[in-house]
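Consider how charged side chains pair up in the structure below, within its chains and across the contact between them.

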Amino acid sequence: MTDHKTGTRSHDSRLFASSRTERSGAAAVVCAVRAGTMRLVILEDYDLASEWAAKYIRNRIVQAKPSADRYFTLGLPTGSTPLGCYKKLIEYYRKGDISFKYVKTFNMDEYVGLPRDHPESYHSYMWNNFFKHVDMDPANAHILDGNAADLQKECDAFEQKISDAGGIDLFVGGIGPDGHIAFNEPGSSLVSRTRVKTLAQDTILANARFFGNDLSKVPTMTLTVGVGTVMDAREVMILITGAHKAFALYKAIEEGVNHMWTVSAFQQHPRTIFVCDEDATLELRVKTVKYFKGLMHVHNKLVDPMYSIKDYKD
Amino acid sequence: MPTNRSVSDAAITQFVNCRILRDHRLQREDLWVREGKILNPEKLFFDEEGFADHQVDCGGRILAPGFIDVQINGGYGVDFSRAADDVSKGVGLVAEKILEHGVTSFCPTLVTSPPHVYHKVLPQFSIHEGGPGGAGVLGIHLEGPFISREKRGAHPEQYLRSFAPGGLADLLQVYGGLDNVAIVTLAPEMPGSLEVIRQLAEHGITVSLGHSVADLSQAELAVQHGATFITHLFNAMLPFHHRDPGIVGLLTSDQIPKDRTVFYGMIADGIHTNPAALRIAHRAHPAGLVLVTDAIAAMGLPPGRHTLGQQDIEIDGLHAYVAGTKTLSGSIATMDMCVRHFLQASGCSVEAALEAASLHPAQLLGISHRKGTLNYGSDADFVLLDDELHIRKTYIAGQQVWRK
């Protein structure tokens with residue numbers, strides 16, 4: 001929750017055994033114990049990056065031991081970047097190493113005015129690329145309804161659902177070529193909440209390939225979680241692959257926090273992981289890349305060993 | 001988990017680990033069934049927040065729409081044209097047995113018979129859905145008596161007729177009624193045929209050209225008046241001639257109305273048609289090919305002498321002749337044998353072979369919105385096959401009705 005007057009943020013981090021409260025003496029001690037972490041995890045190619053991300057998500061879910069009393073909440077993206085990650089998660093489910101029965105999911109966005117069963121809607125995307133292959137309980141899958149009668153009410157209800165679910169444990173996202181997170185286009189407020197957004201021309205052009213390259217068929221408005229909504233998550237993982245995203249990654253982590261490159265907001269999040277392939281680092285300084293590559297042995301401890309629900313069978 | 005489904009509380013079955021025939025391709029997808037119909041799982045997930053109650057593992061097999069046989073004269077000793085008092089019993093026996101061959105719907109066929117036989121037998125047939133008892137009856141196929149003397153084949157000469165003035169009224173006299181009739185085969189060169197064709201088509205009855213000496217222009221006129229099918233192409237019609245292709249020429253005719261497809265039945269038993277002829281027809285007009293068995297009472301019986309309509313026939317291996325002659329009297333191949341033979345002889349894709357026995361007959365009869373496909377909302381009539389297209393299990397309305 002954000003106190004909009006002072007801009008201070010408090011997190012209920014049940015998983016990290018600490019909670020950040022409004023400024024107080026005790027809190028200062030707690031804050032010192034609870035350090036923020038920004039990790040830039042660089043893998044050689046798209047497949048390895050997808051796999052690393054999937055392994056991380058798997059370990060987080062399995063180790064949380066979700067149950068009917070305490071679900072694991074996951075924020076999810078769409079687009080071409082996370083496809084490899086979804087495929088790996090499905091593979092882990094098929095092998096019996098992970099279950100999504102006690103996982104609640106919240107997708108980042110959905111087009112306005114596109115029929116829900118349109119092949120390019122994000123409902124279709126999530127069904128075809130993820131939900132139909134795993135054991136998600138449909139009641140736990142939340143995606144914004146771009147055909148709701150009152151769009152802002154739909155957005156507010158979505159925020160309430162996240163809050164009712166106890167907040168998001170891990171929000172997985174991508175980055176647009178213009179540095180946007182979800183559909184928070186350049187110029188979006190960095191403390192924004194779920195709302196209706198008109199798409200930037202860059203995004204419409206990037207999406208045209210999914211609509212037969214016919215610009216007139218691409219939706220121009222979406223419902224999207226805000227930057228603030230994602231910042232509220234206890235942990236954020238951003239997937240960035242491909243040379244076309246390299247400049248956006250540079251702007252996101254080597255330049256300042258700026259609302260023209262909304263992903264940069266996560267420089268101020270207490271626990272962020274950027275998972276990239278080599279191509280996505282092409283616009284970074286050699287020094288930055290060398291530093292983070294040098295830390296891979298530390299990063300890899302997060303995915304090795306790999307945990308499985310089979311380990312926890314009582 | 002408790003149900004909170006808004007549309008129906010009926011059990012949902014999910015068939016997994018299968019390759020289903022959809023959109024003309026075999027795809028790795030699950031098939032969902034509820035209340036005897038194919039269910040849209042995405043809609044179930046998002047609209048109803050529903051999930052499957054049972055899962056059936058299909059072992060990686062092919063899942064295709066159930067076969068539809070639009071020309072079958074009987075089988076297992078049952079002859080649909082015989083003037084019996086217990087016709088429904090015979091239909092029931094055949095309907096049950098053909099589930100083994102993957103047939104989930106069929107058109108019992110009657111050969112040329114005298115009016116009193118039609119009057120006695122026709123009312124005993126009923127159109128009904130299939131189930132555990134047997135395949136569904138889509139309607140009767142009346143093959144004759146308005147056919148050519150010269151091309152009568154095994155049909156009894158003394159019961160052939162020509163059209164009397166009065167068109168449909170005369171047909172109603174001869175048959176006694178057309179309520180449960182799906183298809184009528186006739187010879188279009190006979191005077192008065194065009195008016196009859198037009199009226200039959202208007203009544204929603206499929207008109208088929210067969211047992212005929214019509215030339216191409218007569219056949220084209222018939223199609224323009226509403227005929228949409230050719231009964232067992234090549235058999236009982238003039239052979240293809242390069243200056244007058246006859247009925248066979250309909251496959252590539254440019255006189256067919258734009259919104260119409262002419263379908264043609266093929267008995268792909270390896271006997272009625274030379275594989276080269278089968279290939280010529282398939283390559284000329286693949287979308288119109290409908291596999292039929294034209295099976296006779298002897299299908300499923302041991303070799304020997306049996307009865308068909310008003311005549312006797314002789315079984316010799318896979319051949320069935322009019323007793324004492326070399327005239328073919330019908331086939332005894334089963335539908336799944338025909339599908340396998342068609343696949344092997346034509347070199348077509350597995351999808352095309354399966355569609356020739358399911359989608360195309362459904363399109364012919366105008367019922368492809370509920371039969372012949374695995375589209376959402378269609379009747380859940382389907383078969384599980386291995387890669388060599390042998391039937392392993394047959395389902396009607398989502399219920400298993402036969403297994404190997």
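In this predicted model, B:Glu157 has a relative accessible area of 34%, so this residue counts as partly exposed. Its salt-bridge partner is B:Arg149, with 3.2 Å between the closest N and O atoms. B:Arg149 is also partly exposed, at a relative accessible area of 44%. Elsewhere in chain B, a network of salt bridges links B:Lys37, B:Glu129, B:Arg370, B:Lys371, B:Asp379 and B:Asp381.

A:Glu235 and A:Arg271 form a salt bridge whose closest N and O atoms are 3.1 Å apart. A:Glu235 sits in the loop between helix 7 (227–231) and strand 11 (236–240) of chain A, while A:Arg271 belongs to strand 12 (residues 271–277), so the pair ties together parts 36 residues apart in sequence. A:Glu235 counts as buried because its relative accessibility is 0%; A:Arg271, with a relative accessible area of 19%, is buried as well. A further salt bridge joins A:Asp97 to A:Arg58 (3.7 Å, N to O), and both of these residues are buried. Over all chains, the whole structure holds 34 salt bridges.

Between chain A and chain B there are two salt bridges. In one of them, the side chain of A:Arg116 meets that of B:Asp47 at 2.6 Å, N to O. The contact draws 13 residues from chain A and twelve residues from chain B. The two chains bury about 1,200 Å² between them, 65% of it on carbon and sulfur atoms. On the chain A side, A:Arg116, A:Trp127 and A:Pro138 lose the most area to chain B, together 54% of what that side buries.

Definitions and conventions: Residues numbered from 1 in each chain as written. Chains lettered and ligands numbered in written order. Predicted model: local features only at pLDDT ≥ 70, side-chain atom pairs only at ≥ 80, totals over all residues. Heavy atoms only, no water. Contact = heavy atoms within 4.5 Å. Buried area = accessible area lost by both parts, 1.4 Å probe. Salt bridge = Lys/Arg side-chain N within 4 Å of Asp/Glu carboxyl O. Buried < 20%, exposed > 50% of the residue type's maximum accessible area, 1.4 Å probe, protein only. Helix = DSSP H or I, 4+ residues; strand = E, 2+ residues; numbered from the N terminus.
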